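Please walk me through this structure in the viewer, one selection at a time.

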Amino acid sequence: MSHIGSYEDRIRDFSWSIAEKELGFKPGDVINIGWYATDRICRQGKASKIALIHEGFSGVERRYTYNDIRLASNTIGTFLRGLGLKNEDRVCLFMDRIPELYLGFLGILKIGAIAQPLFSAFGDESLLVRLSNAETSAVLTQKKHIFKVRKILDKLPHLKHIIIVDHDGKAPLKEREVAFSLEASNPVEDLECFPAKAESPSVLHYTSGTTGMPKGVQHVHYSLISQYLTAKWVLDLQENDIYWCTADPGWVTGTSYGIIAPFSLGVTQCVLDAGFSTEAWYRFIEKNRISMWYSAPTAIRSLMKGGDEIVKKFDLSSLRHLASVGEPLNSEAVVWSERVFGRPFLDTYWQTETGCIVISNYPGMEVRPGSMGKPFPGITGTILDPSRSEPYPAPGKIGLVGLKFDWPSRMRTYWRNEEAFQKKFRNNWYITGDRARMDKDGYYWFAGRDDDIINTAGHLVSPFEVESALLEHPAVAESAVVSKPDPLNLEVVKAYVTLKPGFAASKDLDLEIMNFIRKKLSPLAMPQEIEFVDSLPKTRSGKIMRRILHAKEWGEEIGDTSTLENE
Ligand code: WTA
């Protein structure tokens, strides 16, 4: 049994007021995440405790105390205010995992603006769609990414400021650009935080949809309550932990559990701004004596591929607790981690829309390898019969994962798209878009997605977005994008393409189209395979049937094709 108590104990008499009390919050009070993650920790006498250990791409390490991150977020917040930015303005973070990404996020929240993090590997098209949908006022970025912003500037009338956080002061600045240097700025001791209320908007994360363009998932400052408590109980973060969340803050794990939760709990966290390598990761754990490690199945599978021997070259005895998120965690990975690290990776399940972990294995609960675990106390889940949108009367069958949408960090709406938000509900259940089975003891077993969204290495890719980008290539007449199985990433993107007259399929064209997508969207969205075909399967009304192509890739039954045009 863990120090947290058993699952059953926790569920009994559960109330989110447990977190409110611990955070000293009462309903109606001001609740600014930026303040909770920095100033409050300093006031608790932890100003000189290390908040962030950052290792850059070149291996240079920087350490920031809680007082340092308090001052740095004040400084950035003050700078943004000086530009005229205010509460509810959307401010995008478009950076690699440099310290300014973490500190800027907190600075944005402190002034009540809405933080809109976007993955720095995004190309200009991905960026354009998300910045124009959010009518973003300012972007914080780096020199190396500025060319992508410049390319789309003419189409972004709302974007007033492009803040370059690593400008050397020498290169000329272009239209709307402004240089900022945290190191060269005078630290701001006092910043009046925006008096955010529970329902004040905080973070806007864009997530992929099946049919339309990406949607902005809108969160509020009150999300802190469940991000804090889930990190404490599921990730088991404790005072002396050295924590490593491997996710990039371009995605929700990297903000909820890579910024908000660890800092509001006052723990020390590490960031490695470098690509994946087995040795580099083990060395990072050894060097920093990491005790809590939150990662993802693709990374774990990559480590498994590295083998057991390499693990023995490092002292990883500091590891105390491991958890995983983003894709199904196969039982082999759980068993493997238990063997080599002496601890199992505990699976956690959630979504950008849920804002925090909703189903998980956690300390004090029997772990069933291959299962996602059980709903967090205070969260009601179910498996719905898809034909009736009602919970199955008994466990055992695969159906839709539904949740009672009532915990603090749930999304409040999709940005300016209440209609899409409402469509997520059936019979008052929030429909996650995932399928699973519940066993008789209440454990959830993931079965797959219930839509066409592709989950590649834990990143959701919208087939619609890739298809739209493909159509912009001069050779492409029509396209259909589906997933195909992959041993490491579980799924990768595959594109079926018909060509315009005058174009012929070739290896060169194949590569050209792949690169076109990589640059426009991102390396994640780039098709790993393009198949040139003469025609695509369509319904009689002309809609492309991805379902048929998907079934072909996965060797599944095609099902009902009675509406097919070219039968
Ligand atoms: C998938 C990431 C299986 C699922 C936090 C979900 C998972 C989507 C798991 C959300 C898991 C997440 N097992 N699948 N433990 N965790 N997923 O919005 O399909 O980037 O709906 O949020 O990832 O991805 P998102």
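Which element gives the largest share of the shell around the ligand? Select β14: this strand supplies 3 residues, the largest share. The model on screen is a predicted one.

Now show the whole shell. There are 18 residues around the ligand, and those that come nearest are Asp347, Thr348, Gln351, Thr352 and Asp434. By type, the shell divides into 8 nonpolar, 6 polar and 4 charged residues.

Next, look at the polar atoms facing the ligand. Select Thr348, one of the nearest residues; a polar atom of the Thr348 backbone is 2.8 Å from a ligand nitrogen. Move to Glu327, where a polar backbone atom is 3.3 Å from a nitrogen atom of the ligand. Then pick Arg449: here a polar side-chain atom lies 3.0 Å from a ligand oxygen. On its own the ligand has 530 Å² of accessible area, and the protein covers 97% of that. Colour α10 (252-264), β14 (345-349) and β23 (444-449) to see the elements that each give two or more residues to the shell.

Leave the ligand and select the cysteines. How many disulfides does the structure hold? The count is 0. Cys92 is in no disulfide, and the nearest cysteine sulfur, on Cys245, is 19 Å away. Cys92 is also buried, at 0% relative accessible area.

Last, select Cys245. Cys245 is in no disulfide either, with its nearest cysteine sulfur, that of Cys270, 11 Å away. Is Cys245 buried or exposed? Cys245 counts as buried, with a relative accessibility of 5%.

Conventions: Residues are numbered from 1 along each chain as its sequence is written. This is a predicted model: local features need pLDDT of at least 70, side-chain atom pairs count only at pLDDT 80 or more; totals for chains, interfaces and linings use all residues. Side-chain values use heavy atoms; hydrogens and water are left out. A residue is near a molecule or strand if one of its heavy atoms lies within 4 Å of it. A polar contact is a pair of N or O atoms within 3.5 Å; within protein, one must be able to donate a hydrogen and the other to accept it, and residues adjacent in sequence count only if both atoms are side-chain atoms. Accessible areas come from the Shrake-Rupley method with a 1.4 Å probe; for residues, only the protein chains shown count as cover. Helices (H or I, at least four residues) and strands (E, at least two) are DSSP runs, numbered from the N terminus. Ala, Val, Leu, Ile, Met, Phe, Trp, Tyr, Cys and Pro count as nonpolar, Asp, Glu, Lys and Arg as charged, and the others, Gly among them, as polar. A disulfide is a pair of cysteine sulfur atoms within 2.5 Å. Buried means under 20% relative accessible area, exposed over 50%, partly exposed in between (1.4 Å probe, protein chains only).
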